[in-house]
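Subject: Handover of a structure

Dear colleague,

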Amino acid sequence: MGFWVPYYIVLFPLLLLSTRLVAQRNKEVIEIMESAPLIDGHNDLALQLRRHFNNNLTAVDLKTLNKTYTNINKLKEGNVGAQLWSAFVLCSAQYKDAVRLTLEQIDIIKRMCRKYPDFELVTTSEGINNTKKIACLISVEGGHSIDSSLAALRMFYELGVRSMSLTHNCQTPWAESAVEKHSRQPRRKASLSKFGREVVKEMNRLGMIIDLSHTSSDTAEMVLKISMAPVIFSHSSAYAICQHYRNVPDELLKMIKENKGLVMVNFYSGFVACQKHSNISRVADHFDYIKKIAGYESVGIGGDYDGVTGFPQGLEDVSKYPALIEELLRRKWTKTELKAVLRYNFLRVFHRVEKVKEELKNNSPSEMEIPLEEVNNACRLNLKKPFPNLGLSLSETMPSAFNIMYTVTLYIVFIILIG
C-alpha cells in the first residue's frame, strides 16, 4: 500500500478535477439543449410502423416501443424539440401506387402526432417556436411520391407536407439520384429536366422546403442555381470525410453557404466512416469540416434513425444527442454555434422559405404537365386516348354515346305519347 501512496496523492486530485469538469460539461449541455431544443431533419419511424405494425397504432405504445431506435421517452431524453418525420415509400412503388402509399404514410404521421399529447403537428416556423411539445413536421422522401404531378405536390402541401426530397435511391423521370450517377447505367441528358425545374419553382411558390439528400451532385447544383429559397440536405454528411456518393462534396458545401441553406449531418456509420463501425468523434469530424467550409450557420442534425441500421458507438438511438453536443463542446464549439446547429439554423431556413412564398403569392399555380413520352407506362392513363384497344379518343366516343341516349329518349317519349 505504501508504494501507491505517492501516486494516490497525485492522481486523486486529478480524478476529482476530471469528475468536476465532466459534471460541469454535462450541466452546460443540458442548459444549451433546454434553451435550444433540437430540430432533427430526418427520422423514419413511420416506415417502421408500416413494417412492424401495418400502421396499426392500437398495436403499439410509442412511449416505450423497443423495436425501433425511436420512441417518445427517448426523444424526450434526447431533448428533441421538433422532428421532420419522413413519409417514405419504396422506389419499387414508382409508376405503381406510390401516391396512395405516400398518402397512407402521411396519414400515419398525422394520426401518431394527434394520438399522443407529447406531440403537436405544426406546419410553420412559428408553430415550432410556439409549441412546448415535440413539434411534428411532415416530409415526403423521394419525388417518385408525386408521380410527376404538380397537382399531387400541391395536394401534399394542403395535407401538411412542408418538405420533399427530389429523389430517393431511384431516379424520377425529371431528376437524377446519387445512386444513378454512380451506377453503370447510361445517364440521362439532363440531371434536372424542364419539368424538374418547374417542380423546384412550384415548391418555392408553395413554401415547401427543397431537400437535396439522395440527389446527384449535378441535380443538387442545378437546384441551388435556380431555387429562390434556401435548401437543405436533411440527412447527409461531408464527402471529404467519407467518400460516399450520399455525402456532400466541397463545391456543394460552398454553394450551400451562398444559398444560406443547411446540411443536416447523418449519423449512419456507412456515411460517417464508410464502414460498419464508428464513434462520436468521427461524427463530430463531419461537423467540424462542414463548419470549416460553409460556416456553422450551414450545419444541422439529421440523424436518420430508423431509416438505416448501424449507428456509431455512443449515438445508438435518439436519446443520445446530448453526447454529440458534449463532444462538440469539448472541441471548443461555442454555445451560440451549438444553439444554431441544434435549432436556429433550421428555423432561419424555414422562415426564409416562408418569406419566399409570401413574395410569390401573386404567382398562379403551375399548370405544366410532364410530356407523356417521359412517363409513358402501363399504369398511366392517357386521358386524350383512354380506350387504346378501341383506337378511340374520349372526344370520338362522346358523340356516339350522346346519339344513343338521344335515340332512347325519343323512343321513350314516343311510347308515352301513343299510350
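The largest pocket has a volume of about 500 Å³. A pocket is an open set of points on a 1 Å grid over the protein atoms alone, where a 1.4 Å probe fits, with protein on both sides within 12 Å along at least five of seven lines. A volume is the space filled by probe spheres set on the points, which are joined across faces, edges and corners.

This is a predicted model, in which local features need pLDDT of at least 70 and side-chain atom pairs count only at pLDDT 80 or more, while totals for chains, interfaces and linings use all residues. Residues are numbered from 1 along each chain as its sequence is written, and side-chain values use heavy atoms, without hydrogens and water.

Eighteen residues line the largest pocket, lining residues being those with an atom within 4 Å of a point. Glu-369, Ile-370, Arg-380, Leu-381 and Leu-383 lie nearest its centre. Helix α6 gives the largest share of this lining, three residues; helices here are DSSP runs (H or I, at least four residues) and strands likewise (E, at least two), numbered from the N terminus.

The second largest pocket has a volume of about 290 Å³. Of its 16 lining residues, Pro-37, Val-80, Gly-81, Lys-132 and Lys-133 are the closest to its centre.

Helix α4 (residues 98-115) reaches 25 Å from its first C-alpha to its last, close to the expected 26 Å, that is, 1.5 Å times one less than its number of residues.
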